[in-house]
Amino acid sequence: MSITMDLNMSAMDRQKVEQEVNLFNSMQRTNGKSAQQELGKDDFLKILITQLSHQDPTAPMEDTQFIAQMAQFSSLEQITNMSVQFEKVADALGSSGAIQAAGKKVDINTELGVVTGTVDSVSTDKNPLISVNGQFYNWSDVTAVYGQ
């Protein structure tokens, strides 16, 4: 005697599940959270701890599996740290470009058209601002820098 099961969802069941997922996601956004598209190192640790706490005592996880997962976690942590450092380098490079433009003539794209003038001062924030003709502009809006 064999038992067969139909694992396909009806259209009404799929619609109901989709509504529940959408409701859950909208509640997450309204509570100041948004759904994540990727797992971070905290999520990885939670999964590992859950896996360890619910393992079968008569058949525990093999050492090689555990070591492999810890190596993956270590790699994830190092990649995350590298990403943070790369962001800092990119910010520094953006600021240095703005600093080098001090005293030089620049063209800036604005909503009203192109503004041309000499850079009077520069802020070295994450998103550098330059002062041209007494007005501040984003460094990212500069389209040309002319030599002296």
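What is the relative accessible area of Lys104? It is 27%, so Lys104 counts as partly exposed. Here, buried means under 20% relative accessible area, exposed means over 50%, and partly exposed lies in between, with a 1.4 Å probe and protein chains only. Areas come from the Shrake-Rupley method with a 1.4 Å probe, and for residues only the protein chains shown count as cover.

This is a predicted model: local features need pLDDT of at least 70, side-chain atom pairs count only at pLDDT 80 or more, and totals for chains, interfaces and linings use all residues. Residues are numbered from 1 along each chain as its sequence is written, and side-chain values use heavy atoms, without hydrogens and water.

**Overall build**

- The protein has three helices and five strands. Helices (H or I, at least four residues) and strands (E, at least two) are DSSP runs, numbered from the N terminus.
- Along the sequence, the pattern reads α-α-α-β-β-β-β-β.
- Of the 148 residues, 14% are buried.
- The accessible surface is about 11,800 Å², and carbon and sulfur atoms hold 55% of that.
- Among contacts with a separation of 6 or more, 42% join residues 24 or more positions apart. A contact means heavy atoms within 4.5 Å.

**Confidence**

- The mean pLDDT is 77, and 80% of the residues score at least 70. pLDDT is the predictor's confidence in each residue, from 0 to 100.
- Among the elements, helix H1 (residues 11-30) has the lowest mean pLDDT, 73, while strand E1 has the highest, 88.

**The nonpolar core**

- The largest nonpolar core has ten residues: Ala98, Ala101, Val106, Ile108, Val119, Ile130, Val132, Tyr137, Trp139 and Val142. Strands E1 (105-110) and E3 each give two or more residues to this core.
- Such a core is a set of buried Ala, Val, Leu, Ile, Met, Phe, Trp, Tyr and Cys residues joined through side-chain atoms within 4.5 Å.
- Ile108 has several contacts beyond four places in sequence, including Ile130, Val132, Tyr137 and Val142.

- Lys104 sits in the loop between H3 and E1. Its C-alpha atom is 6.8 Å from that of Val145, 41 residues away along the chain.
- Thr110 belongs to strand E1. Its relative accessible area is 28%, so Thr110 is partly exposed.
- Beyond four places in sequence, Thr110 touches Val115 and Tyr137.

- Ser131 lies in strand E3 (residues 129-132). It is buried because its relative accessible area is 7%.
- Outside four places in sequence, Ser131 touches Thr118, Val119, Asp120, Ser121 and Phe136.
- Asn133 lies in the loop between E3 and strand E4 (135-138). With 55% relative accessibility, Asn133 is exposed.
- The phi of Asn133 is near 55°, a positive value in a residue other than glycine. Most residues other than glycine have a negative phi.

**A surface patch**

- Leu52, Phe66, Ile67 and Met70 form a nonpolar patch on the surface, with about 330 Å² of accessible area together.
- Patch residues have over 30% relative accessible area and no salt bridge; like charges are joined within 9 Å, and nonpolar side chains (Val, Leu, Ile, Met, Phe, Trp, Tyr) within 5 Å. A salt bridge is a side-chain nitrogen of Lys or Arg within 4 Å of a carboxyl oxygen of Asp or Glu.
- Helix H3 (residues 63-100) gives the largest share of the patch, three residues.
- Met70 is in helix H3. Met70 is partly exposed, at 31% relative accessible area.
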